[in-house]
Amino acid sequence: MIKEIIKKNIKDAVGEEAEIFIPENEKFGHYSTNIALRLAKEKSKKPMEIAEEIINDLRLTTDNFFEKIEIASPGFINFWISEKTLQNELKEILKNKNNYGKYPQAKSYKLKAINLEFISANPTGPLTIGNGRGGFFGDVLANILKFTGNKITKEYYINDAKNSTQIRELGKTGLGLGETYLTPELKKTISTLKKKTARLKKKSPDNIAGEAGYLLASEINKQNKKFVEKVLKIKFDKWFSEESLYKSGVVKKILSDLKKKKLVYEKDGALWFKAKQFGDSEDRVLIRSTGEPTYILPDLAYHSDKFKKRKFSKAIDVWGADHHGYIPRLKAGLKSLGISEDRLKIVITQLVRLVKNGQEYKMSKRKGDYVTMEDLIKEVGLDAARFFFLMSAPDTHMNFDLDLAKERSMKNPVYYAQYAAVRCGSILQKSKIKMQKSKINFGLLNTDEDVSLMRILARFPEIVEEATENYNPQVLVRYSIDLARQFHNFYEKEHIIGERPELMSARLGLIKATKIIFEILFKLLGVSYPKKM
RNA sequence: GUCCCCGUAGCUCAACUGGAUAGAGCGUCUGGCUUCGAACCAGAAGGUUGCGAGUUCAAAUCUUGCCGGGGACGCCA
């Protein structure tokens, strides 16, 4: 609302985005803006004078939405929200229930059809912890974007191309020809496929490794899919096979398109793409001298399918940090196909470092000595794992202390938030019979604890907006911890049951609203809402 | 060698993208269950934001030079 008012009232502010923030110290208001400071140079006036002009305009248009608007040196404008406003917001929560905060206030916001691709683990083994981090991030991001009205397709890309190196290596292993690592899961799969692979040997001797690898991969992927859906509780809308791009001829089509546009040349027996022309640091190989395509070709085909065939207005890819150097290449490729690069957003999740006994826990796939996502969930549980991963921004290196997670799992913040939510539930249950259905007078909620709780509840839509616009799920996690803290605080100091009836029903309304917000939060985060703990 | 990310309390991380006295959790110390659930609350200690210079009303944040850590740069994915 402050943003809108400032935009409306200050024509000079065009081009200068009003920055609203919550000051650390409450003596500077509930909200504050530095707009006068930002404008000072441009208008060559003193910030304090500009601020003076602004609030004179503001006071005329805002009725008693604010309790107080003040100017502070060197030119901040500080706002105090009135209690009446907070009471109205409380009514909004109770009225809208689980739809509260669903659509952001900002008018500039547009709804989109978005393809969100994440996890996409190689079908050559079980999911790693890195896959899990990307998985939780993608899933929660999808929930948030859906909540704010976008049309989201959650997609999992399966790298199962018969002529790719990794699938052939996998096939060789299955046929007993190679020496790549074998996990127990893989061994099991192989034994069930022995007959099939034997038959293949006779049937198509050209690419036995590829054919066998493909069979193995689809078997492994079946296991991974089951794990993702049943254990991680992440449901995908589409499982997209790389091999299908070859079958349908899209890969060939992309190649011939590039050739037509003269963006391809031959060197050292290989076929190169002029990536440099589109902003990449050097040209890239499309087809190796051996005749096998590199991954960029099917990836271009895949993204062309997303944008051109399925007509998504935006695609978000969640990748592991090891793919970082691949971004300019893909974007260059998309540009060459006439697809604007800002339609593709790539989120990089940094690798997770495991710490055990205070030391980094080195993992070795070769020895089968590594921790899978399945192991981790078994140790700490799904709620704790989700919360833990979502707490830190995807692009920060994070340490996962196995001992800490295991021994002190009860100290994980997820329980702090859940406990607050459970307390809400149990008070409401206890007081059910005494609940008054007549008009509630929220004006009675005027202690510090009442007001602080109302204020944090009213911030919820802002948090949703921030999470949506910046693709930033972790603000929801932090908010839920803040909300829990505020509620525990309130709970400690204020009584509900046994107060005089008018105050009691007002407080019960406040608790009901808190419970609603917790319900929305937990649903968005994919965390359970326990009745008891 | 070229490029990217990071360095904040003993540990793990924040700081709303340049704002006012840098905040939480864990750990340490102190106090609070006869009262709606103590998986909770209140309080204390803990900092030259790796080091230096610059940019401006204002720098943890931007620029730059060092120091230290991680990663990417292939006809691997």
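A nonpolar core is a set of buried Ala, Val, Leu, Ile, Met, Phe, Trp, Tyr and Cys residues joined through side-chain atoms within 4.5 Å. Buried means under 20% relative accessible area, exposed means over 50%, and partly exposed lies in between (1.4 Å probe, protein chains only). The structure described here is a predicted model: local features need pLDDT of at least 70, side-chain atom pairs count only at pLDDT 80 or more, and totals for chains, interfaces and linings use all residues. Residues are numbered from 1 along each chain as its sequence is written, chains are lettered from A and ligands numbered from 1 in the order in which they are written, and side-chain values use heavy atoms, with hydrogens and water left out.

The largest nonpolar core holds 109 residues; Phe-136, Leu-232 and Met-373 touch the most other members. Helix α20 (residues 501-525) gives this core its largest share, 14 residues. Helices (H or I, at least four residues) and strands (E, at least two) are DSSP runs, numbered from the N terminus. Contact means heavy atoms within 4.5 Å. Not counting residues up to four places away in sequence, Phe-136 touches Leu-232, Ile-234, Met-373, Ile-377, Leu-382, Ala-385, Arg-386, Phe-389 and Leu-390. Another core, of 34 residues, lies apart from the largest one. Its members include Val-264, Ala-275, Leu-300 and Leu-337. In soluble globular proteins, nonpolar side chains tend to be buried together.

Chain A has 20 helices and 15 strands. Of its 533 residues, 52% are buried. The chain exposes about 27100 Å², and carbon and sulfur atoms supply 50% of that area (Shrake-Rupley method, 1.4 Å probe; for residues, only the protein chains shown count as cover). Among contacts with a separation of 6 or more, 72% join residues 24 or more positions apart.

Two strands pair if DSSP finds at least two bridges between them. Strand β11 (residues 314-320) pairs with β12 in the parallel sense over 6 bridges. Within this pairing, Val-318 has Val-347 of β12 as its bridge partner. Between the two strands, the chain passes through helix α12 (residues 327-336), and this β-α-β crossover is right-handed. That label applies if, with the strands pointing away from the viewer, the path from the first strand over the helix to the second runs clockwise. Strand β12 (residues 344-349) is mostly covered, with 5 of its 6 residues buried.

An open sheet of 4 strands runs in the order β1-β2-β4-β3, with antiparallel pairing. The edges are β1 (20-21) and β3 (66-72); each has a single partner strand, so one side of each is left without a neighbour in the sheet. β3 and strand β4 (residues 76-81) pair over 6 bridges. Ile-69 has Phe-79 in β4 as its bridge partner.

Ser-528 sits in the segment after α20. It counts as partly exposed because its relative accessibility is 37%. Beyond its neighbours within four places in sequence, Ser-528 is in contact with Asp-383, Gln-418 and Phe-522. Ser-528 and Val-414 are 114 residues apart in sequence, yet 9.8 Å apart in space, C-alpha to C-alpha.

The mean for chain A is 82, and 83% of its residues reach 70 or more. Over residues 364-368, pLDDT stays under 50; the model has 6 contacts beyond four places in sequence for them. The predictor gives the complex an ipTM of 0.90 and a pTM of 0.91.

Key. pLDDT is the predictor's confidence in each residue, from 0 to 100.
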